[in-house]
Amino acid sequence: MSAFDTFKDIVLNRRTIKPGQMNGQIIPEQDIKDILELANWAPTHGRTEPWRFLVLSGENLHKFCDHHAQLYWANTPEDVRTETKANTLANMGKKASHLIITIMKRTPDTKIIVEEEYAAVAAATQTMLLAATAKGIASFWSTGGMTHHPAMKMYLELDEADLLMGLIYLGYSDEHRAGTRKSSSEDKTIWI
Ligand SMILES: Cc1cc2nc3c(=O)[nH]c(=O)nc-3n(C[C@H](O)[C@H](O)[C@H](O)COP(=O)(O)O)c2cc1C
């Protein structure tokens, strides 16, 4: 198989698999390290390498999920919040193996604009997802719940200029879903 075909397989096989569809099997720590090592090779304008990873598993993952649900409850208006949503957040770690919280660490005194640092961390995140797929690991890039809320930023002790990019849940799943796209790349491309 050519390198392109191998890569194509990985790209097309990556699917968003939510923690509820994971099976509770634990990922070996070395696999998590391998995934993060590849993420560290994302492109980076000005070599700021703005990606940071918080890796949670076991009891710490469960504590985070409980806290996430509590933050949601405390910071969502009474007429909007629901127990179903709070329970979903609290249970996110039940069948996932690891959670990797991806952070954009803003470089002080840099000429690189924030959008470019954000883009670099997004590239690192996609590399993570593809590396996980190549290892047969299911992933879910979530920005749900309190991900973008200042209360979460405070909880994680991020600096004002830093950004929480996503909650990446990893685990194994027995399910495989075919992907869909609304239109082809041709529909989104103009050749000049
Ligand atoms: C920045 C970003 C944030 C996302 N946040 C969520 C989310 O909070 N909840 C969710 O269900 N999916 C989320 N997703 C995953 C998308 O729903 C998913 O990529 C899309 O449905 C396409 O499915 P696929 O990833 O299997 O191709 C997010 C994706 C990206 C890129």
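**Entry 1: salt bridges**

I began with a definition: a salt bridge is a side-chain nitrogen of Lys or Arg within 4 Å of a carboxyl oxygen of Asp or Glu. I also noted that this is a predicted model, where local features need pLDDT of at least 70 and side-chain atom pairs count only at pLDDT 80 or more, while totals for chains, interfaces and linings use all residues. Residues are numbered from 1 along each chain as its sequence is written, and side-chain values use heavy atoms, with hydrogens and water left out.

I searched the whole structure and got 6 salt bridges. One of them is between the side chains of D34 and K135, at 2.9 Å from N to O. This pair links distant parts of the chain, 101 residues apart: D34 is in helix α2, and K135 is in the loop between α5 (114–134) and β3 (138–142). For the element names, I wrote down that helices (H or I, at least four residues) and strands (E, at least two) are DSSP runs, numbered from the N terminus.

D34 is partly exposed at 30%, and K135 is partly exposed at 33%.

Next I looked up K33 and E29, whose side chains meet in a salt bridge of 3.7 Å, N to O. Why are they about one helical turn apart? They are separated by about one helical turn because they sit 4 residues apart in helix α2 (residues 29–39). K33 has a relative accessible area of 46% and is partly exposed, whereas E29 is exposed at 56%.

**Entry 2: K105 and its partners**

I then turned to K105. Its side chain meets that of D159 in a salt bridge of 2.8 Å, N to O. Here too the pair links distant parts of the chain, 54 residues apart, with D159 in the loop between α6 and β4 and K105 in the loop between β2 (98–104) and α5. D159 is partly exposed at 45%, and K105 is partly exposed at 26%.

D162 sits in the loop between α6 (150–155) and β4 (163–171), and at 3% relative accessibility it counts as buried.

**Entry 3: the ligand**

Which residues surround the ligand? I listed R14, R15, T16, K18, F140, W141, S142, T143, G144, R177 and R181. A residue is near a molecule or strand if one of its heavy atoms lies within 4 Å of it. These shell residues divide into 2 nonpolar, 4 polar and 5 charged. In this sorting, Ala, Val, Leu, Ile, Met, Phe, Trp, Tyr, Cys and Pro count as nonpolar, Asp, Glu, Lys and Arg as charged, and the others, Gly among them, as polar.

I checked some distances to ligand oxygen atoms. An N or O atom in the side chain of R15 is 2.7 Å from one, and for the side chain of R181 the value is 2.9 Å. G144 uses a backbone N or O atom, at 3.1 Å. Taken alone the ligand exposes 610 Å², and the protein buries 59% of that. Accessible areas come from the Shrake-Rupley method with a 1.4 Å probe; for residues, only the protein chains shown count as cover.

**Entry 4: loops and a buried cysteine**

I looked at backbone angles as well. R47, in the loop between α2 and β1 (51–57), has a phi near 55 degrees, a positive value in a residue other than glycine. R47 is exposed at 68%.

Last, I looked up C65 in helix α3 (residues 58–75). C65 is buried, with a relative accessible area of 0%.

Note on methods. Polar contact = N/O pair within 3.5 Å; in protein donor to acceptor, adjacent residues only side chain to side chain. Buried < 20%, exposed > 50% of the residue type's maximum accessible area, 1.4 Å probe, protein only.
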